[in-house]
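Subject: Structure handover

Hi,

Here is the structure I promised to pass on. Have a look at it first, and then read on for what turned up.

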Amino acid sequence: MGRLKRPREFGEPDYIRIDQAMFKFNCCEDTVRKIANACDAQRKVDGAVYYNYARMKKYFDTSPAC
């Protein structure tokens with residue numbers, strides 16, 4: 001019997017890692033870090049850095065397009 005995996009039907013996560021943020025927002029690592037600092041979405045927990053997905057998504061949705 002294999003290990004159970006969490007299904008994807010639970011909606012959007014509260015916090016994501018840098019590689020997930022790069023994939024979801026389609027930008028490079030430096031841009032994710034700059035935007036996370038601008039909208040205060042960066043959290044450090046035991047040496048790992050997590051980003052608040054809801055704050056970053058709101059920042060991207062409300063920012064003007066270039």
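Which residues of the largest nonpolar core touch the most other members? They are Ile16, Phe25, Val32, Tyr51 and Met56, out of 13 residues in that core. A nonpolar core here is a set of buried Ala, Val, Leu, Ile, Met, Phe, Trp, Tyr and Cys residues joined through side-chain atoms within 4.5 Å. Helix 1, helix 2 and helix 3 each supply at least two residues of this core.

Before you dig in, some housekeeping. This is a predicted model, in which local features need pLDDT of at least 70 and side-chain atom pairs count only at pLDDT 80 or more, while totals for chains, interfaces and linings use all residues. Residues are numbered from 1 along each chain as its sequence is written, and side-chain values use heavy atoms, with hydrogens and water left out.

**The overall layout**

The protein has 3 helices and 3 strands, arranged along the sequence as β-α-α-β-β-α. Those are DSSP runs numbered from the N terminus: helices are H or I with at least four residues, and strands are E with at least two. Of the 66 residues, 23% are buried. Buried means under 20% relative accessible area, exposed means over 50%, and partly exposed is in between (1.4 Å probe, protein chains only). As for contacts (heavy atoms within 4.5 Å), take those between residues at least 6 apart in sequence: 49% of them join residues at least 24 apart.

I'd start with helix 2. Its buried residues are Val32, Ile35 and Ala36. Seen down the helix axis, they fall within an arc of 100 degrees, so they line one face of helix 2. (The arc is that of the directions from the helix axis to the C-beta atoms.) The face turned away from that buried side carries the exposed residues Lys34, Asn37 and Ala38. What covers the buried residues? The cover includes helix 1 (18-25), strand 2 (42-45), strand 3 and helix 3 (53-62).

Leaving out residues up to four places away in sequence, Val32 touches Ile18, Ala21, Met22, Cys27 and Met56. Ala21 is 11 residues from Val32 in sequence, and their C-alpha atoms are 6.9 Å apart.

**How the helices meet**

Axes are lines fitted to C-alpha atoms, for helices over the stretch in contact, and angles run from 0 to 180 degrees between N-to-C directions. Under 35 degrees counts as roughly parallel, over 145 as roughly antiparallel, 65 to 115 as roughly perpendicular, and the rest as oblique.

For helix 2 and helix 3, the axes come within 10 Å and again the angle is roughly 95 degrees, so this pair is roughly perpendicular as well. Val32, Ile35, Ala36 and Ala38 on the helix 2 side meet Met56, Tyr59 and Phe60 in helix 3. Met56 also has contacts elsewhere: leaving aside neighbours within four places in sequence, its partners include Phe25, Cys39, Ala41 and Tyr51.

**Two loop residues to check**

Most residues other than glycine have a negative phi. Asn26 has a positive phi, near 55 degrees. It lies in the loop between helix 1 and helix 2 and counts as exposed, at 69% relative accessibility. Asp40 also has a positive phi near 55 degrees, and is found in the loop between helix 2 and strand 2. At 44% relative accessibility, Asp40 counts as partly exposed.

**One more residue: Asn52**

Is Asn52 buried or exposed? Asn52 is buried, with a relative accessible area of 15%. It lies in strand 3 (residues 48-52). Its side chain reaches the backbone nitrogen of Ala54 at 3.1 Å. Beyond residues up to four places away in sequence, Asn52 touches Asp14, Tyr15 and Ala41.

Cheers

Conventions. Polar contact = N/O pair within 3.5 Å; in protein donor to acceptor, adjacent residues only side chain to side chain.
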